[in-house]
Amino acid sequence: MFVDLPAAQTSNPGALSVPVGHKVQQLHRHRCRCAWLYENPDTSTFRYRVLNMIEAVSAQADRPLAASWFSAGELAELEHEIENLSVLVVARYRYSMRLHRLVMKARHHGVRILFETDDLVFDPEYIPLIADTLAQDLLSVQMWDQWFAYIGRLGAAARLCEGGITTNDFLAQRLQTTLGGAPVAVVPNFLNRQQQAFSAELLEAKRRGGWRRDGHVTIGYFSGSPTHRKDFAVAAPALARLLDRDPRVRVRVAGYLDSTGPLQRHADRVEVMPHMDYVALQRAIAEVEINIAPLQDNVFTNCKSELKFFEAAVVGTWTIATPTYTFERAIDDPRMGRLARAHEWDDALAEAVDLVHTPQAYMERAEFAAAQVVGRYGWDRWGNEIETALFRRNNRD
């Protein structure tokens, strides 16, 4: 594990509770106005697909754009402002009659309406696959009711829109089908300003300390939701075998994973950390030498983004990942990380441990990957692309 890293900073919780009056004021800063609508702010999709997008596009000093967001409890205020908008982004928002009325009013005033999603959660055809992938109780009638209601309403909301924005081409093709062939732009997930700045501090601390470690090799699995048990199981047997044969290896599991499976026989070498905010998470990732991102390989998981890779690479941590659509394209150079299919995890983990024990080679690869990630996923990299996604085929300024 890497040592002597700076303490975690505090994230900005106030971003989730901005007074609606301030949001309206934000919209009136410029003539070109865009509003994102998201049901209830959270620390996952909302952060990546609403806050990060607004931060990036608002920094376009040469082409000023006023951008703000509204929640389900602020529909009345948003409806009052709808005629002043250029674009309305319906971000993973379920269909309701109030949403329907808002969209109809937006159409009446010539506002462009886009559906935003970061997951394959808008087509009921995929519900059996999703439920199985997420280890849901397939015999529960309540579970089927919930998933069909959730995905059916998201699909209905999507079909109200005239285009979409999503995170990768694989997912975009499926959203375009739901939208009846309407254009779908791709803007990947990316770092936000605070996350990127603190990650740079962490990486610089590694450099100043000569990439000093505590003598153990720590492998981290950072779970984003409580439904990743079957994903972790792709790599868990190989990870347990590595612990069997190498006493220097430790494991850090952070987030919502409910069981470590075969790793339980090595419980004294497995650190379980609770869910944490995105800034503290960067430090937790920076401390480990190896980050793993195993996934089942199916249509649903191929729609997932590559954030588990770039959030590790930017702090100088090496990643092994399943070669899904996005990971295969993100880890496109052997210096960037290691791709491992289900039967390759024993070899991949052994190679990664050997790399850690070759400090110069590890450092060179980590530095290369970090530089590439900042160039590809930096918070200020995507402003132009977001603006193009918002306004293409729209003549309003």
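Residues are numbered from 1 along each chain as its sequence is written, and side-chain values use heavy atoms, with hydrogens and water left out. Because the model is predicted, local features need pLDDT of at least 70 and side-chain atom pairs count only at pLDDT 80 or more, while totals for chains, interfaces and linings use all residues.

The second largest pocket holds about 590 Å³ of space. Here a pocket is an open set of points on a 1 Å grid over the protein atoms alone, with protein on both sides within 12 Å along at least five of seven lines, and lining residues have an atom within 4 Å of a point. Its lining comprises 25 residues, of which Asn12, Ala15, Leu51, Glu55 and Trp69 are closest to the centre. The most residues, six, come from α2. By class, the lining has nine nonpolar, 10 polar and six charged residues.

Glutamate 74 counts as buried because its relative accessibility is 12%, under the 20% limit for a 1.4 Å probe and protein chains only.Two cavities of 30 Å³ or more are found in the whole structure, a cavity being a set of points where a 1.4 Å probe fits but cannot get out. Volumes are the space filled by probe spheres set on grid points, joined across faces, edges and corners. The largest cavity, of about 40 Å³, has a lining of five nonpolar, one polar and three charged residues. In these classes, Ala, Val, Leu, Ile, Met, Phe, Trp, Tyr, Cys and Pro count as nonpolar, Asp, Glu, Lys and Arg as charged, and the others as polar.

Conventions: Buried means under 20% relative accessible area, exposed over 50%, partly exposed in between (1.4 Å probe, protein chains only). Helices (H or I, at least four residues) and strands (E, at least two) are DSSP runs, numbered from the N terminus.
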